[in-house]
Amino acid sequence: MHGRIKIKTTVQQEEEKRKERERKLKIYVTARDAIFSKRKNGVLDDEALQLTQQLLASNPDVATLWNYRREILLHLETIREEDDVQKMYDAELSFLESCLKVNPKSYGSWHHRGWVSARLPRPDWARELSLCDRCLSLDDRNFHCWDYRRMVVKMSGVPVDQELQFTDRLIGSNFSNYSSWHYRSTLLPLLHPESPEPHSPCQQASHSSPLTSPQTHSHRVCEEQLLKEYELVQNAFFTDPNDQSAWFYYRWLLGRAEREEMISCVFVSREEERVAVAFSRPVNASSSGLILVLDGQPQRVEWRSIHPRFKHSPVWICKIPPGTISDISNEHNLTVHWTEKHTHRDCALYTGRSESWCRDSATDQELFRSELSVEKTSVLQSELQSCNQLLDLEPQNKWCLLTIILLMRALDPLGYETETLSHFQTLKEVDPMRSAYYSDLCSKFMIENTILKMEYAEVRVFSLSDKNLTSLCHLDQLLLVTHINLSSNQLLRLPPEFAMLQCLEVLEADNNAIENLEGLYHLAKLQDVSLKNNKISKLSDLQPLTSCPKLTRLDLRGNPVTQIVNFQSELAEVLPSITDLLF
């Protein structure tokens, strides 16, 4: 047995580890209790600073300790000379580097470093940028470091073109660097803003100018630079077609336009003595300054959103004082002022008419194609050809398929409808985990196409039957629709947004899987509802219909609710206005 190494048993090793953990825990708890006692007693001295450093060195993610440390440093600032404060904060930065070695993605460490750098009497920004470069070389997706680097760049006045070159280097070494692509999207509008003059050349910002707030610049990039960016990003996704970073950036390049903020429609009804207003975006009418003027006189009205769930809504309604417009022999002029945006819309209610509206006949470009803002068709056509070339090489690439769909939408949504549907079917097959997302997106595009056809025909009857719809959207565009057919789809509910159809009289939604009617709320004109072969199973599911005063016909054949004992008599108590019930 002599000369043999004595090997400890597993039990002995575990026991020693346990004792070591207990020893460290005892030291940690003792230090923690001492720190909390000092903070409670308002002690802000060097010993407290040392104690917090002792704990944070092993666990830099305790926010309370960082907070206490900042309190101590602020106090020491007031009693030391500037040179001593500089040394104190330099030492703090060195300590923070050791913390970042423990956890390079520590929220507390990066936040504290930003705080310290902002308080340094003589900050060394070059050192901070060098630290960021080292951290990003180890992990180019460390978003804590990216946030800190943007702060350093802003405070030190690094030129925009220098930062753009920085993203060039990172993207060149790794096309999958999503953070660099994103950072690039914040720099380009500053360096190459779109000119306010539609036909003027690209106006380039000064290369030497530091990064400033994007609010002072256009959010869009001039076309000359866009063409260069297309070439860069195509190199990326042709190199690795399955990497999502370049595709997301490509989507950003294609889509930066925003719809003009305006009142898109005003509707007035004599019979209901109400006004409905549709906006190009959801607003809070109670806080955005909405004023109704009738025949030159401002009216005291209360605006409400179309559904109690919405504080912000694209459609708002108000009741006009009784008797004000009810006489059909009188003509009235209404104006809705949106003071927040300094805009208004007029609407005339003529003699003999029970209702009236005023709206612009919007084009597809104004309604839906702002998602892709490049105006020249030739540019979009060229991009579509490039993506089709890649699709020939990678026929099951989901990113390429989805981008082709978006480009087709931008070029000719109705002309490419058949190809779009085919590509969606392929997407569901190659990416089944996101099949529901593709179904919802396809539903959105089919609704857009139907709205465009309705715009061109100028009708108030809207048919979306047998379109495989899984969701409803753009309902704010249907304010004036009187008859809608949603039959033979895959809808599970009529969402709260459905209440935007304030002129709706007839609803057909047979052969779906609807079990929630939340959107049938305060539809003042709704008279006829057909919900055959859905999944309405409780009388309480029909509760929203109680707010529709004109409802007289309801068809519920093929719904589980009709199997409830005493169904007809109980429903008659809830909806006494119905004279024609089918079940």
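**Entry 1: the four-strand sheet**

I began with the open sheet of four strands, which I read off in the order β4-β3-β7-β8, with antiparallel pairing. Since β4 (297-298) and β8 (343-349) stand at the edges with a single partner strand each, one side of each is left without a neighbour in the sheet. I noted the rule for pairing: DSSP has to find at least two bridges between two strands. Strands here are DSSP runs of E with at least two residues, helices are runs of H or I with at least four, and both are numbered from the N terminus.

Next I looked up how β3 meets β4. Strand β3 (residues 290-294) is joined to β4 by two bridges, and the two run antiparallel. In that pair I found V293 opposite P298 of β4.

**Entry 2: what I am looking at**

A reminder to myself: this is a predicted model, where local features need pLDDT of at least 70 and side-chain atom pairs count only at pLDDT 80 or more, while totals for chains, interfaces and linings use all residues. Residues are numbered from 1 along each chain as its sequence is written, and side-chain values use heavy atoms, with hydrogens and water left out.

**Entry 3: domains**

I wrote down three domains for the protein chain: domain 1 (14-161), domain 2 (263-360) and domain 3 (459-582). These bounds come from an automatic or database domain assignment. Taken over C-alpha atoms, the centres of domain 1 and domain 2 are 57 Å apart.

**Entry 4: two helices**

How do α10 and α13 cross? I looked at helix α10 (residues 223-239) and helix α13 (residues 377-393): their axes come within 12 Å and cross at roughly 5°. The two helices are therefore roughly parallel to each other. (Angles under 35 degrees count as roughly parallel, over 145 as roughly antiparallel, 65 to 115 as roughly perpendicular and the rest as oblique.) The axes are lines fitted to C-alpha atoms, for helices over the stretch in contact, and angles run from 0 to 180 degrees between N-to-C directions.

On the α10 side I listed E223, L227, Y230, Q234, F237 and F238, and on the α13 side V379, E383, S386, L390 and L393. Contact means heavy atoms within 4.5 Å. Sorting the residues of this contact, I got seven nonpolar, two polar and two charged. For that sorting, Ala, Val, Leu, Ile, Met, Phe, Trp, Tyr, Cys and Pro count as nonpolar, Asp, Glu, Lys and Arg as charged, and the others, Gly among them, as polar.

**Entry 5: the six-strand sheet**

Then I turned to an open sheet of six strands, ordered β10-β11-β12-β13-β14-β15 with parallel pairing. Its edge strands are β10 (461-463) and β15 (580-582), each pairing on one side only. The twist averages 0° from one strand to the next.

Three bridges join β10 to strand β11 (residues 483-485), and the two run parallel. For F462, I found I484 as the bridge partner in β11.

**Entry 6: loops**

In the loop between β10 and β11 I found H474, which has a positive phi of about 55° although it is not a glycine. N511 sits in the loop between β12 (506-508) and β13 (528-530). N511 is not a glycine either, yet its phi is positive at about 60°.

Is N511 buried, partly exposed or exposed? At 37% relative accessibility, N511 counts as partly exposed. (Buried is under 20% relative accessible area, exposed over 50%, partly exposed in between, with a 1.4 Å probe and protein chains only.)

R493 lies in the loop between β11 and β12, and at 35% relative accessibility R493 is partly exposed too. Not counting residues up to four places away in sequence, R493 touches R309, I514, N516 and E518.
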